[in-house]
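Okay, thanks for coming, everyone. Let me put the structure up, and then I'll talk through a few of its contacts.

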Amino acid sequence: AGYQCSAGIRTACAKGELSDPKQAACRACAPGTVPDGSSCAVCEPGSSAEFGAEACSPCAAGTVAPDSSTSFCAVCAQGEYANAASTKCLDCEAGSACSAGAKTPCAEGKASGSGASYCVDCIAGTFLNLNGNTCETCALGHVSKTGAESCTPCEAGTFQNGIECLA
């Protein structure tokens, strides 16, 4: 195994190839498999191998190979991120943004819901809740500006129109 014979001359197989016993030519393993002696070994989930690869390669950050025998790792969809083992994409949690398979916490004063690919400022009339994940509506008689982390009460003798206090 690992050699080919032609015209009575024995030569080693190229990297990423193997030879079967009693076969004259070397061959590459199928995508998702790599040479292992005289047979092809399957790449485990979380890794991949292109046609003719010498070894399985772990998936890059933000990509996944959920099944064995995978020829390439796939990028997670917007609003998802790759788990540590690179075997599946997970929904982004509230308070984070997920893009290109990576999860990033929202910056201070910004929020996101589950499955978000970006973080946003809370709009006027809402505030960033205590755990910093989502925007909550201000209580009756309270107002806020865009990006506020709290609501302020309207003064006595004024009323709230949803965004501001009016006399």
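I'll go through the disulfides, then one hairpin, then the charged pairs.

Quick housekeeping: this is a predicted model, where local features need pLDDT of at least 70 and side-chain atom pairs count only at pLDDT 80 or more, while totals for chains, interfaces and linings use all residues. Residues are numbered from 1 along each chain as its sequence is written, and side-chain values use heavy atoms, with hydrogens and water left out.

So, how many disulfides turn up in a search of the whole structure? There are 10, taking a disulfide as a pair of cysteine sulfur atoms within 2.5 Å. I'll show you three of those, including Cys43 with Cys56, whose sulfur atoms are 2.1 Å apart. Cys43 is in the loop between strand S6 (39-42) and strand S7 (47-48), and Cys56 is in the loop between S7 and strand S8 (57-58), so this pair ties together parts 13 residues apart in sequence. Strands here are DSSP E runs of at least two residues, and helices are H or I runs of at least four, numbered from the N terminus. The S-S torsion of Cys43 and Cys56 is about -95 degrees, so that disulfide is left-handed. Cys43 is buried at 0% relative accessible area, whereas Cys56 is partly exposed at 29%. For those words, buried means under 20% relative accessible area, exposed means over 50%, and partly exposed is in between, using a 1.4 Å probe and protein chains only.

Next up, Cys76 and Cys89 are joined by a disulfide, 2.1 Å from S to S. Cys76 sits in the loop between strand S10 (74-75) and strand S11 (80-82), with Cys89 in strand S12, 13 residues apart. The torsion about their S-S bond is about -90 degrees, so this disulfide is left-handed. Cys76 is buried at 5%, and Cys89 is partly exposed at 26%.

Then there's Cys92 to Cys98, again a disulfide with S to S at 2.1 Å. Is that one left-handed or right-handed? Its torsion is about 75 degrees, so it's right-handed. Cys92 is buried at 1%, and Cys98 is buried at 0%.

S13 and S14 run antiparallel and are joined by 4 bridges; for strands to pair, DSSP has to find at least two bridges between them. The hairpin has 2 residues between its strands, and Ala100 in the turn has a positive phi of about 55 degrees.

Now stay on Lys103. What does its charged end sit over? That's the ring of Tyr81, 4.5 Å from its centre, where the rule wants NZ of Lys or CZ of Arg within 6 Å of the ring centre and within 35 degrees of the ring normal.

Lys103 also makes a salt bridge with Glu93, with the closest N and O atoms 2.9 Å apart. Lys103 lies in strand S14 (residues 102-105) and Glu93 in the loop between strand S12 (89-91) and strand S13 (96-99), so the pair ties together parts 10 residues apart in sequence. Lys103 is partly exposed at 39%, and Glu93 is partly exposed at 35%.

The count comes to 2 salt bridges, each being a side-chain nitrogen of Lys or Arg within 4 Å of a carboxyl oxygen of Asp or Glu. Besides Lys103 with Glu93, there's Lys110 with Asp121, at 3.3 Å between the closest N and O atoms.
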